[in-house]
Amino acid sequence: MRQALPKEPNILEVEKKWQGKWEEMGTYRFDWNDSRSPVFSIDTPPPYTSGEFHIGLVLNWTYFDVVARYKRMRGYNVHFPQGWDCHGLPIEVEVEKTNKIRKTDVPPDQFRKLCMQLAGKNIEGMKKSITRLGCSIDWSTEYKTMNPDYWRRTQLSYILLYNKGFIYRGKHPVNWCPRCETAIADAEVEHDTRNTELHYIRFKLEEGGFLEIATSRPELIPACVTVAVNPDDERYAKYVGKNIQVPTTDRMVKVITDDMVDPKFGTGVVMICTYGDKADVKTVIKHNLPVIMCIDDKGRMTKDAGEYAGLKSEEAKKAMLADLKGQGLVDKAEPLTQEVSLCWRCHTPIEILEREQWFMKTRILTDDVEKNALEITWYPDYMKHRLIDWAKSLEWDWVISRQRVFATPIPIWYCNNCNEIILAKPEWVPIDPRTEKPKIAKCPKCGSKDFRPERDVLDTWFDSSITCAVHAGWPDRKDWHRLFPASMHPSGVDIIRTWAYYLMVRHLALFNEKPYQSCLINGMVLGTDGREMHKHLGNYVASLEVMSKYGADATRQWATAGGATGSDIPFRWPDVEYGWRFLIKLWNASRFVNDLIADFEMNDKGEYALQPLDKWILSKAERLTKKVTDALEQCQFNIAIEETRNFAWHVFCDRYIEAVKDRLYKPEHYGEEKRKAAQCTLYTVLYRILQLLAPITPHVTEEIYQIMYADDKGSKSINLSVWPALDEKLIDEEIEKHGDLIVAIINEIRREKSEKHMPLNAPIRKLKTYAGSKDFAEMIEEGKEDICGTCKIEDFEVVSKKGDGREVANYSDVHFVMEC
Ligand SMILES: [Zn+2]
Ligand SMILES: [Zn+2]
């Protein structure tokens, strides 16, 4: 006898229980000793340790956990690691905020310690959320990029790239956040529009008269290195080559032509400053102009700004305008809507500063990036263009140095005597040059023993962009190519330009190989009102709130059913509630089936006297298996869940179970053989449903499996059971047509009863069916027993001719007359 399923499932408890047991049993460990099974490796993104595993990450992790679970059932040895991307600005900014300090107020190791504590605390919370979501991660792989063991890998990759000529130090304009006081990469710059003013300012010509320029940033006037007009602009042709004075300074600059100047903007005369924006950088290089940096690291005016030195740029702007007005040089101001570049973390407008920085050559890899992006399988396919377009749009190499504290140190020293660069040897890492000396006796060039460390640190993306190799076991395992390239890299649509791109260029540069074979893209989660989700919009939902109310399996149904892979999906409470109700329905149906098959044991031959309806549902279950398998192969999770739920709820529960109840309750009427056939069908189809659902709702299906099937089937978890192999010979269109007709007649009779306000189990004295054809008459005759049993018909007659009476929906030739 089978164990009974409890009446009221405590889904939340069931989920927690299995999360604990799976970990205890090591259900999801990768087996390095298994040399027979094919390997499937997931390049799990190490999430940034912000402390919140937000709903967007829930979507992301659900997607690739479904893939991991599906692949395991397909017989793959799945490697599903998890790390944490700890370094970087957000943690520093938060430490500064909570402790009310700036990074420079305390010694670096103390600041670093505070950062590590915060990151550690954040990781604990996020790990709980990932576990709560039921992700089948192999936690024995857990790593943190802030730990020395990970530094070792990051630094080793730096040394290798340096030696291959991919890394250089250079003075170059960089995006600079004056709030965070660090260089940031193009990928970390956000764009927004803001309203400002366009000021019309007179620049005096040396020979008398003036030209009027329009600028939104008069505070940059001290950094003006030339004034430019369009070469085709006849209004100004006569001034080209003339000297013009930069207001508030005694400097003269030349008027030049440049075809980047838009004659329709402002007056058609622009000042070129070093640097107002990226366009200025191009002009400066093109015309070989000098560079004047009038804004410093902290966003204050430098001594090159003359009397404005020391002011913040906003203050300098006001002071400058007041002075210019005093000198009668300001003509007017107009409102202007302008695109501004902001720091992605603190939303401060960035400045373009010229600084000595470390760079990685990435643009030389663009053709390679494109070639590999085209070879990779993308889910969905069109996302490959995001990567290719981004790579092609880049104008600057990747600035990899940061002027921060909490990051992987750059393994470099300089000779104080001759400035020779001392690069760490591979066997020295992990090493922190800020606290350790190079392991050499003297400078190889001049023999000096006096060194100074590189104090800059590495961009956090430099840590996280080698995960494909690190997950595979590089550099410690000789066999790391077993897991490399990763079978799948999952990414949010918003981080293709960072994560997917940096992974690609780094692995191409290091190993001359693409890092991943496929890329799975998730869209953004929109708020409850369909707008972007933001705390301040009041449409924000915390993932833990959802999971503590409805659990993981309902949440995972929302995530998978919400839309096509790659598209943005809104968060909708009703979708999660629907998922919850489905689980209850599945539970109740399983409990019912479990009672009906309590005495059933599969016979040795597995041969039963299957009735038309049994064959009908078995054929439909097979067709469903094909659909779901195809959908999961293509990462179309919404199709997989919708098809399975519809089948389970509306075909299996509402139709099949209802139609065979009588056969199961009354063996004395139908015979034991037909009862067993129905039992076997229930047993088989419910198991199929549980298996098809397991990747998406792993907890509830596990609980039902363990109670009803584990003893027979033998897998220690449904999540490790073998995915159903498609049995094409069970798919039978004729049988399905046949069953559809029987089911349609049963439904029509039930509708008739309910319209006549009869109870569904009320007996019908006589029912005469006009089949309209010989074929239909035969089919109905064969299903007679199930029709009569379900509808309590005492006398059932089928004739093949057409007749009057109630028409069966979708079968215009089939009618019946009912006598009560
Ligand atoms: Zn910033
Ligand atoms: Zn030296």
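Start by selecting Thr-625 and Ala-621: the Thr-625 side chain reaches the backbone oxygen of Ala-621 at 2.7 Å. Keep in mind as you click around that this is a predicted model.

Now show the cartoon around that spot. Thr-625 sits in helix 15, which runs over residues 612-633. Is Thr-625 buried or exposed? With a relative accessible area of 1%, Thr-625 counts as buried, because the cut-off for that is under 20%.

Next stop, the metal. Select the zinc ion (ligand 1) and bring up its donors: the SG atoms of Cys-177, Cys-180, Cys-343 and Cys-346, at 2.2 to 2.4 Å. Which arrangement do the four donor atoms make around the zinc ion? Try the angle tool here: the donor atoms subtend 104 to 119°, so the arrangement is tetrahedral.

The donor residues of the zinc ion follow the spacing C-x2-C-x162-C-x2-C. Take Cys-177 and Cys-343 from that set: this pair links distant parts of the chain, 166 residues apart. Colour strand 5 (residues 167-177) to find Cys-177, then strand 13 (residues 330-343) to find Cys-343.

Conventions. Residues are numbered from 1 along each chain as its sequence is written. Chains are lettered from A and ligands numbered from 1 in the order in which they are written. This is a predicted model: local features need pLDDT of at least 70, side-chain atom pairs count only at pLDDT 80 or more; totals for chains, interfaces and linings use all residues. Side-chain values use heavy atoms; hydrogens and water are left out. Donors are N, O and S atoms within 2.8 Å of the metal (3.2 Å for Na, K and Ca); water is not among the atoms, so sites may look incomplete. Four donors count as tetrahedral if all angles lie between 85 and 135 degrees; four count as square planar and six as octahedral if opposite donors are over 155 degrees apart and all others between 65 and 115; anything else is irregular. Helices (H or I, at least four residues) and strands (E, at least two) are DSSP runs, numbered from the N terminus. Buried means under 20% relative accessible area, exposed over 50%, partly exposed in between (1.4 Å probe, protein chains only). A polar contact is a pair of N or O atoms within 3.5 Å; within protein, one must be able to donate a hydrogen and the other to accept it, and residues adjacent in sequence count only if both atoms are side-chain atoms.
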